[in-house]
Amino acid sequence: MGERLRVAYVSPFVPPEWLEACGAEPLRLRPRRDPRDAVPAAGACAFARAALSAARGGGDVFVFATTCDQMRRAAERAAAGGARVFLLNVPATWQTPAALRLYREELERLARALAAWGGRVPDPAALADAMRRQEALREEVLAEAARRGPRAFDRLFAGPGAHAGPEPPPGRRVPLALVGGPLGAQDAALVDRIASIGGHIVLDGTETGARTLPPRFDRRRIDAEPVAVLVEAYAGSIPDVSRRPDDALYAWLRREVPLSGARGVLLVRPVWCDPWAAHAERIAEATGRPVLSLDLDGDAGARPGMDGRIEAFLEMLR
Ligand code: SF4
């Protein structure tokens, strides 16, 4: 058997189970943002630009999802530049039969495209096996995240983690929730810095953390109708800022932030990300916790002066 088709992606709405069942190797990426995206004239989301660079360089195929305009534009530019791209339409609305049907049709369209590029059309038994494997991995990671914080999620992404050293013990550090858009490759340094100045991340509610993992699959139906179970878990359950209405995102925050024991929320968003702009007040209201907004850019993973702002926030929470 030849090498498997390598399919790269960044969106949590691309199911690795489906890619595996299509005979592909799923590579979920946390690409590195370019420091030049801090320049105000750039105007494009630093993460979408990083995904565009990754599409030009990683994997045989890159799957983009239509979760925001910036990602759509990145997909168009990658395709125009000659990359082999698939744009997965993810319905913005929630839990209606039409939305689930659309998402299922999109997965089937993806399977046909991958089959034409060297993969295969998935069979139900292979899909159910892949679902069990991926679910077991996610459960291990979630259990580990309760002890190690955001570092545990490294296992769900292609490429090595980039943390500088072992996680320091929580000690008297202030418990915090990290909420918002995706972390890039360089943000391991930010997580380490938060630890070094007295914060302890007890909940990773970013796009690359616990919030966007699908819920447990319905075990009673997984063998009989795996595609339907997969579609319900991914299209009907992930509480993301891209979904309309955003009640599920706020229900998740209202439940998970207090449960985690976090005393404050760090709201992170890549610079020029509109979907996560202007959520700070609503998150504070929903969680009953103070919120500090942080824009992420460049190699430092943070704007100058960010350490001082985090320190002042921690002081306030002590
Ligand atoms: S970080 Fe924001 S603007 Fe950028 S791709 Fe994600 S949702 Fe879109």
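Guide: Helices are DSSP runs of H or I with at least four residues, strands are runs of E with at least two, and both are numbered from the N terminus; the expected span of a helix is 1.5 Å times one less than its number of residues. This is a predicted model, in which local features need pLDDT of at least 70, side-chain atom pairs count only at pLDDT 80 or more, and totals for chains, interfaces and linings use all residues. Residues are numbered from 1 along each chain as its sequence is written, and side-chain values use heavy atoms, with hydrogens and water left out.

Visitor: How many residues does α4 have?
Guide: Helix α4 spans residues 97-116, which is 20 residues, and reaches 29 Å from first C-alpha to last, close to the expected 28 Å.

Visitor: Which of its residues are buried?
Guide: With buried meaning under 20% relative accessible area, exposed over 50% and partly exposed in between (1.4 Å probe, protein chains only), the buried residues of α4 are A99, Y103, E106, L107, L110, A111, A113 and L114. They lie on the same side of α4, because they cover an arc of only 165° around the axis, taken from the directions from the helix axis to the C-beta atoms.

Visitor: And what's on the face turned away?
Guide: That face of α4 carries the exposed residues P97, R101, R112 and A116.
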